[in-house]
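Reader: I am new to this structure and would like a close look at a single part of it. Could you take me through that part slowly, and then say what surrounds it?

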Amino acid sequence: MKGKKLYVVLAGVLVLLILAISMYNYIYKSHRDIATERVAYTISAAQIHMDFGKEDKMPKYVDQVVQIHGKITVIEQNAIVIDDKVQAGFIMDAPNDLSIADQVTIKGRCVGYDDLLELVKIDQATLIHNN
Amino acid sequence: MKSVNIRLSLLILVLVHGAIASLWAQEKYIDKNGIVIFEASEQLFEEVKATNESVTAILSTETKQIASLALIKGFHFKNSLMEEHFNENYIESDIYPKAKFKGNLIDLNAVELDENVTEVPVEGILEVRGEQKEIHTVLKIQKIGDIISITGEFIVTPGDFAIEIPKIVRNKIAKEVLVKLDFKLAKK
């Protein structure tokens, strides 16, 4: 009889523990790791910029991992602009072996469309290819 | 004949000068990677703070107007669940993807800007969730080389933008939200 009671208590503690751990994981779940996430759309800088002009296509890219290729037109400390159409912000500073007019491919999260500068904004970008 | 020539060249000089002056006057300063931080933390509770490091700001020194745009999805929280709730429940960033500010720097004298910090009042309209809120604050402006640096802060409330904070978290989120901005605008 005593042994049975012990089992019940143990089971209760176990259930509580599992609950606590899953609660913790839910509240403090880790951020997305864009660099390792699967690419949802592979597209040229010009094409994604054009698609953002069409209202109906716009939302499909937002918050998705996109892979974008084109020519570098601006280099800043932690960002580059591709074909004057897409601004990509790197997780850290921009790789320092980049130069204007390089053909590049980057992967990052599409944040949305900036209609002040008419640029598609990408953040958490990583460089995939440079030549 | 000679005096006509002189007059003509004077006229041309004046015209050219005028054209150059108006070109100068149209100068714009742009920052594509401006920083906006907002914080609504309550003591003893988890930090409620988000940073956006790719805010756009455009300043026209001629019209003394400033325009800024922040994509809501560009705000990052330390806690990813908080970020999710902010986007989905509070701001509804799928429907309202942008925060916009348009304002006037009434007393801005671009020619007099230098390394010393000048305080310039700004008044304008901040639009979040389709709701507009008038903002009055003082910006600290300095010019180093060709870069104009603007920093400042102001306070808004969730109610300004018709954001309802659920009862269950009401005491964990401050009634007043402090918004800080830091722009480094380069001449375009």
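Author: Domain bounds, as used here, come from an automatic or database domain assignment. The model is a predicted one, and for chain A that assignment gives domain 1 (1-30) and domain 2 (41-130), with 46 Å separating the centres of domain 1 of chain A and domain 2 of chain A when these are taken over C-alpha atoms.

The part to look at closely lies in chain B, where strand β7 (residues 131-144) and strand β8 (residues 147-156) pair in the antiparallel sense over 5 bridges. Within this pairing, B:Ile141 has B:Ile150 of β8(B) as its bridge partner, and in the hairpin, where 2 residues come between the strands, B:Gly145 takes a positive phi near 65 degrees. On β8(B) there is also a pairing with strand β9 (residues 173-187) of chain B, again in the antiparallel sense, and this one runs over 10 bridges; here B:Val156 stands opposite B:Val177 of β9(B).

As for where the two chains meet, 16 residues of chain B are in contact with 20 residues of chain A. On the side of chain B that touches chain A, at least two residues each are supplied by β1 (28-41), β2 (49-60), β3 (65-71) and α2 (80-90) of chain B, and β2(B) gives the most, with 4 residues. Sorted by class, that side of chain B has 6 nonpolar, 6 polar and 4 charged residues.

Notes: Residues are numbered from 1 along each chain as its sequence is written. Chains are lettered from A and ligands numbered from 1 in the order in which they are written. This is a predicted model: local features need pLDDT of at least 70, side-chain atom pairs count only at pLDDT 80 or more; totals for chains, interfaces and linings use all residues. Two strands pair if DSSP finds at least two bridges between them. Two residues are in contact if their C-beta atoms, placed from the backbone, lie within 7 Å. Ala, Val, Leu, Ile, Met, Phe, Trp, Tyr, Cys and Pro count as nonpolar, Asp, Glu, Lys and Arg as charged, and the others, Gly among them, as polar.
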